[in-house]
Amino acid sequence: MSRKDRPASLRIMHSSGGVLFKEVDGGIMVAMIIPKNKRVLTLPKGLIDRGEDPEATALREVREETGMTGEIIKKIGEVSYWFYIKDENTRYKKTVHYYLMRYQSGSPEDHDWEIEEVIWIPLEEALKKASYKTDREILKKARDLLMAAR
C-alpha cells in the first residue's frame, strides 16, 4: 500500500501564546509578529515543551518571538483547529492557550530568527488586520477583558 493510499495518521499538538499589550496615549497597542517567509500578521505562540506548563510556554514564546517580556494578567482562552501535512500524511489537531500579558520590558528588535518583523499596532487595527480568524477571536476576547478592567 502506498503512502497516499494509507489513512492519514492523527497527532495532537498543544501550544501557548499571548496578547502582549501596552497603553499608549489612552489607547491599547498589541504586539503582532510577521514570521519569516510568510505574509501573515499573527500573535506570538509556540509548542509547549515536555514538562512545561502553558503559562511558562506563553511567557517564553512571547519573549522569543517578540524580544519583549510581559506579565500574565489573565488567561484569555483557547482555540483549536485542524491542519494536514501532505508530506507526512498526517492530520493535526492543535490547541493553543492564550494569555493576556502586560508589557514589561524589551525591544521588538530583539526577536528570534524565525520572525521577520514585530510591530506594535493599535488593538482595533489588529482586529481588522490579523491574518487568522482564530487570532481575531482571541483579540476580541482580549479587548473585552481590557474594557471590563477599565
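Predicted model: local features only at pLDDT ≥ 70, side-chain atom pairs only at ≥ 80, totals over all residues.

Visitor: How many residues lie between S4 and S5 in the hairpin?

Guide: The hairpin formed by S4 and S5 has four residues between the two strands. Asn 89 lies in that turn and has a positive phi of about 50 degrees.

Visitor: Is Asn 89 buried or exposed?

Guide: Asn 89 has a relative accessibility of 8%, so it counts as buried; the cut-off for that word is under 20% relative accessible area.

Visitor: Which loop holds Asn 37, and what is its phi?

Guide: Asn 37 sits in the loop between strand S2 (27-35) and strand S3 (45-47). Its phi is near 60 degrees, which is a positive value in a residue other than glycine.

Visitor: Is Asn 37 buried or exposed?

Guide: Asn 37 is exposed, because its relative accessible area is 80% and exposed means over 50%. Asn 89, by contrast, counts as buried.

Visitor: Let us change topic. Where is Asp 53?

Guide: Asp 53 is in the loop between S3 and helix H1 (54-66). Asp 53 is partly exposed, with a relative accessible area of 44%.

Visitor: How far apart are Asp 53 and Ser 16, in sequence and in space?

Guide: Asp 53 and Ser 16 are 37 residues apart in sequence, and their C-alpha atoms are 9.0 Å apart in space.

Visitor: Now the whole protein, please. How many helices and strands does the protein have?

Guide: The protein has three helices and six strands. Along the sequence they follow the pattern β-β-β-α-β-β-β-α-α.

Visitor: What is the radius of gyration, and what would a compact globule have?

Guide: The protein has a radius of gyration of 16 Å; this agrees with the value near 15 Å that a compact globule of 150 residues would have. Along the principal axes, the C-alpha atoms fill a box of roughly 65 × 35 × 30 Å.

Visitor: What share of the residues counts as buried?

Guide: Of the 150 residues, 41% count as buried. The protein exposes about 8,800 Å², and carbon and sulfur atoms supply 49% of that area.

Visitor: What about contacts between residues 24 or more positions apart?

Guide: Such residues account for 70% of the contacts with a separation of 6 or more.

Visitor: Last topic: how many positive and negative side chains are there?

Guide: There are 27 positive and 25 negative side chains, and the centres of the two sets lie 7 Å apart.

Technical notes:
Residues numbered from 1 in each chain as written. Heavy atoms only, no water. Rg over C-alpha atoms; globule rule 2.2 N^0.38 Å. Buried < 20%, exposed > 50% of the residue type's maximum accessible area, 1.4 Å probe, protein only. Contact = heavy atoms within 4.5 Å. Areas by Shrake-Rupley, 256 points an atom, 1.4 Å probe, with all protein chains shown as cover. Lys, Arg positive; Asp, Glu negative; His and termini not counted. Charge placed at Lys NZ, Arg CZ, Asp CG, Glu CD. Pairing = 2+ DSSP bridges.
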